Amino acid sequence: MALILNEEQTLLKDSAKDLMTAAAPVTQFRALRDAKDELGYSKHLWTQMVDMGWAGICIPEEFGGLDFGFHGLGIVLEETGRTLAASPLVASILVGASAITLGGNETQKKQLLPKLAEGTLLMALALDETAHFSPHRIETRAELSAGGYKINGAKAFVLDGHIADTLIVATRTSGGTHDRQGITLFLVDQAAAGVEVTRTQMVDSRNAAKITFTNVTVEASAILGELDHGADILDPVLDRAALGMAAEMLGTSLEVFERTLAYLKERTQFETKIGAFQSLQHRAVDMYCNLELSKSILIDALSALDEGRDADLPTLASAAKAQLCETLHQISSEGIQMHGGIGMTDEYEIGFFLKRARVAEKTFGDAGYHYDRLATLNGY
Amino acid sequence: MPDVDQFRADTRAWLEGNCPASMRSPMTAEEVVWGGRNATFSNPDSKLWLDRMAAKGWTAPMWPTQYGGGGLSMAENAVLESELSRIKARPALNSFGLWMLGPVLLEFANEAQKLEHLPKIVRGEIRWCQGYSEPGAGSDLAGLQTKAVRDGDEYVINGQKVWTSYADRCDWIFCLVRTDTTVKHNGISFILFDMQSPGVTVKPIQLISGESPFCETFFDDVRVPARNQVGELNKGWTIAKRLLQHERTNIGDFGTAQSPQTPMHEQAKKYLGEDASGRLDDSAMRREIAKYQVRQKAYGLTYARVGQELKAGLGDGAASSILKAVGAELNKHRSEMMIDMMGTQGIGWQGDGFNDWEIMQTRGWLRSKANSIEGGTTEINKNVVAKNVLGLPTK
């Protein structure tokens, strides 16, 4: 159980930090927001990230990837969290490439993974149907029709939904609304007839969309995995997704903490640095404690897959996501409070982190969801 | 690592033959072996187990063999720990000598002092207590007033200590004394003496838990050989602080060391029941338990991570500074949750209506309140982390 980075991972972390600092500072994110950029991410940055090999970091070598390991992707995500860098890395790689690698047949893998690795194919997972993450709660129907299937339903909070070329759509092919059994995943061309995409403006200015499916026809070969057994792919993909988000959230937490700490050392009131006040010092230590706990639980979970501890993934991923939700929630809130009035201004960057924090918390399950899941997994 | 594999095989075989079967189950507080001149063994196997482990030096596995220790490397020690935990072996000996005094003697004491005291600690022959806090020196420990005045080859000690753990059952004391009254931190010395010396009086303090693990200790013209001073005159504060680091790690460890044998959620089901789908029939407590378990897991992993970082020579081990405070908070929280889920069965004091386990939880809950006070309060701990780790200004 490695709880420290090896040499290769340390090098990756350094190069990720360097690229994010140089090519994706928070000012870039602000510019995208203010320009109401249609893509919602910088194509130039994505090209640079792809050139570094990050799009293929978890993809097997035979399909054009680096096969560096899941921990590597977590390391990159952590650094993107520090500068709030928006990119297709979460929707297309963390989620999309994981789904194809885990659930795709040979044809699908050969067709999709190389394009994902070279950054030319963008994907999105169309899963949520309500305002609360509940991955087996699926009402979108896929019904047999002329040798293929016809999909009808509505999805919400589809990350990168409006820029994706190919959607992974979770549908119900049998069973009741909340049943694990009876879910089927389909690969659907975003441009197909009957697919209507509406971009939604979230508080963090990142990409999300509502998508409706009206009599969208797909062939049986578009099924990812097996009919009615989509949850067998969905669950491990969502574990990876939650864990990847937790990694990004650690980066965001660390950045907010460091900025806040610097402010405590610099801001003077009553002829003294405010960081000398005990009430602020103790709260800063509380944040530090949460950060150290978060680092430990995250690094253990990230290394689990690369160490073949796949069976532990559900509990590890839920524990890591829950802990990071708590930590980022606390630190992003304290970040504003400790900056005082200036923290409330749009001109100052600290508010961006609070906004991103709340969206990240809700992405792939918030603390409440994951505590509930852990209790269930542990038999209570 | 073939050597380590061989060591594991040898260790496993030795434990198989030498760890009595009755020493392979969880122990109650009464069964803990503390050693000392008046040591009590509730089970003769406890004595046998201690003697066998001490003969190998495995009560202090990493101390050098010339002082009675096991002389094991870090890797060998890890193997020994995992083999002991594999057979659920009880600790052969619990002692402040092993946890706190020994490590600082190894670092600061002269050869004669090491040879005199360390082997007796390893064998559990002498039980040590800690003479630190005074009525006027708690969080501000360096304000201590117990005085040691040089008289020929001896010191004459006068003053009072408080919160001296198990002073009524201990043989020797490691004690902070003032040897210079004109300065604060630089006027303290670290000295060892026999609790049977004339002039030592001990008075147990009854606590809210009903127990009396601590005492008030009075010194009235106690004469101590000057050679019992450890380190230099007036430089005792450095040793005192180092010893506190060992103590804090140990108290922080309560978060894991005293985890209940049965997982908390199983106890909760006993008292709160299940709903139709087998869930704990109290959704607020269910979430609270899950949250606690996540934090507990993160805490255990932080311990392990700090260990790996130190071993690899990475970082400064700064995360270890928070272990005591977080461990204390976790143990207090766990105790509050336990009595909460037990309802009125969790707030009984004694007598009919409550079983032993329930009374133990209640007493343990009261005892746990001290976790964030003893060995430096959490508030003092946070002050230190804010200044030394986070680099926050003092003014």
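A nonpolar core is a set of buried Ala, Val, Leu, Ile, Met, Phe, Trp, Tyr and Cys residues joined through C-beta atoms within 7 Å. That term is needed at the third stop of this tour. The model on the screen is a predicted one.

**Whole complex**

Begin with everything displayed. For the complex, the predictor gives an ipTM of 0.95 and a pTM of 0.88.

**Chain A as a whole**

Select chain A. Its secondary structure comes to 11 helices and 10 strands. Along the principal axes, the C-alpha atoms of chain A fill a box of roughly 80 × 45 × 40 Å. The radius of gyration of chain A is 21 Å, which agrees with the value near 21 Å that a compact globule of 380 residues would have. Of the 380 residues in chain A, 53% are buried. Take the contacts in chain A between residues at least 6 apart in sequence: 73% of them join residues at least 24 apart.

**The cores**

Next, select Ala126(A), Ile168(A), Val169(A), Phe186(A), Ala246(A), Leu298(A) and Ala320(A). These are the residues with the most contacts inside the largest nonpolar core, which has 156 residues. Now colour helix 7 of chain A, residues 231-266; this helix gives the most to that core, with 18 residues. A second, separate core of 62 residues can be found by selecting Met23(B), Val79(B), Ile126(B) and Ala148(B), which are included in it.

Go back to Ala246(A) and show what surrounds it. Leaving aside residues up to four places away in sequence, Ala246(A) touches Leu298(A), Ala320(A), Lys321(A) and Leu324(A).

**Domains of chain A**

Colour chain A by domain: domain 1 covers 7-121, domain 2 covers 124-230 and domain 3 covers 232-377. Between domain 1 and domain 2 of chain A, the C-alpha centres lie 23 Å apart. Where the two meet, 15 residues of domain 1 of chain A are in contact with 15 residues of domain 2 of chain A. Select helix 5 of chain A, residues 89-103: on the domain 1 side of this contact it gives the most, with seven residues. By class, that side of domain 1 of chain A has eight nonpolar, six polar and one charged residues.

**Leu224(A)**

Zoom to Leu224(A), in strand 8 (residues 223-224) of chain A. Is Leu224(A) buried or exposed? It counts as buried, because it has 23 C-beta neighbours inside 10 Å. Not counting residues up to four places away in sequence, Leu224(A) touches Ala99(A), Gly103(A), Gly104(A), Gln108(A), Ile168(A), Leu185(A), Phe186(A), Leu187(A) and Ile233(A). Two of these names, Ile168(A) and Phe186(A), were also selected at the core stop.

Most residues other than glycine have a negative phi.

- Select Ala146(A), in the loop between strand 2 (141-145) and strand 3 (148-159) of chain A. Ala146(A) is exposed, with 8 other C-beta atoms within 10 Å.
- Select Ser205(A), in the loop between strand 6 (195-201) and strand 7 (207-219) of chain A. Ser205(A) is buried, with 20 other C-beta atoms within 10 Å.

**Where the chains meet**

Show both chains again. The contact takes 30 residues from chain A and 37 residues from chain B. On the chain A side, the elements that give two or more residues are helix 7, strand 10 (272-273), helix 8 (278-306), helix 9 (313-339) and helix 11 (367-377). Which element of chain A gives the most to this side? Helix 8 of chain A does, with 13 residues. The residues on this side divide into 18 nonpolar, eight polar and four charged.

**Chain B**

Finish with chain B, divided into domain 1 (2-94), domain 2 (128-234) and domain 3 (253-389). The C-alpha centres of domain 2 and domain 3 of chain B lie 32 Å apart. Their contact takes five residues from domain 2 of chain B and five residues from domain 3 of chain B. On the domain 2 side there are one nonpolar, three polar and one charged residues.

Then colour chain B by pLDDT. The mean is 93, and 96% of the residues reach 70 or more. Select residues 254-260 of chain B, where the pLDDT is below 50; this stretch has 11 contacts in the model beyond near neighbours in sequence. Where pLDDT is low, the predicted coordinates should not be read in detail.

Terms used
Residues are numbered from 1 along each chain as its sequence is written. Chains are lettered from A and ligands numbered from 1 in the order in which they are written. This is a predicted model: local features need pLDDT of at least 70, side-chain atom pairs count only at pLDDT 80 or more; totals for chains, interfaces and linings use all residues. A residue is buried if 20 or more other C-beta atoms lie within 10 Å of its own, exposed if 12 or fewer, and partly exposed in between; C-beta atoms are placed from the backbone. Helices (H or I, at least four residues) and strands (E, at least two) are DSSP runs, numbered from the N terminus. Two residues are in contact if their C-beta atoms, placed from the backbone, lie within 7 Å. Domain bounds come from an automatic or database domain assignment. Ala, Val, Leu, Ile, Met, Phe, Trp, Tyr, Cys and Pro count as nonpolar, Asp, Glu, Lys and Arg as charged, and the others, Gly among them, as polar. The radius of gyration is taken over C-alpha atoms; the globule rule is 2.2 Å times the number of residues to the power 0.38. pLDDT is the predictor's confidence in each residue, from 0 to 100.
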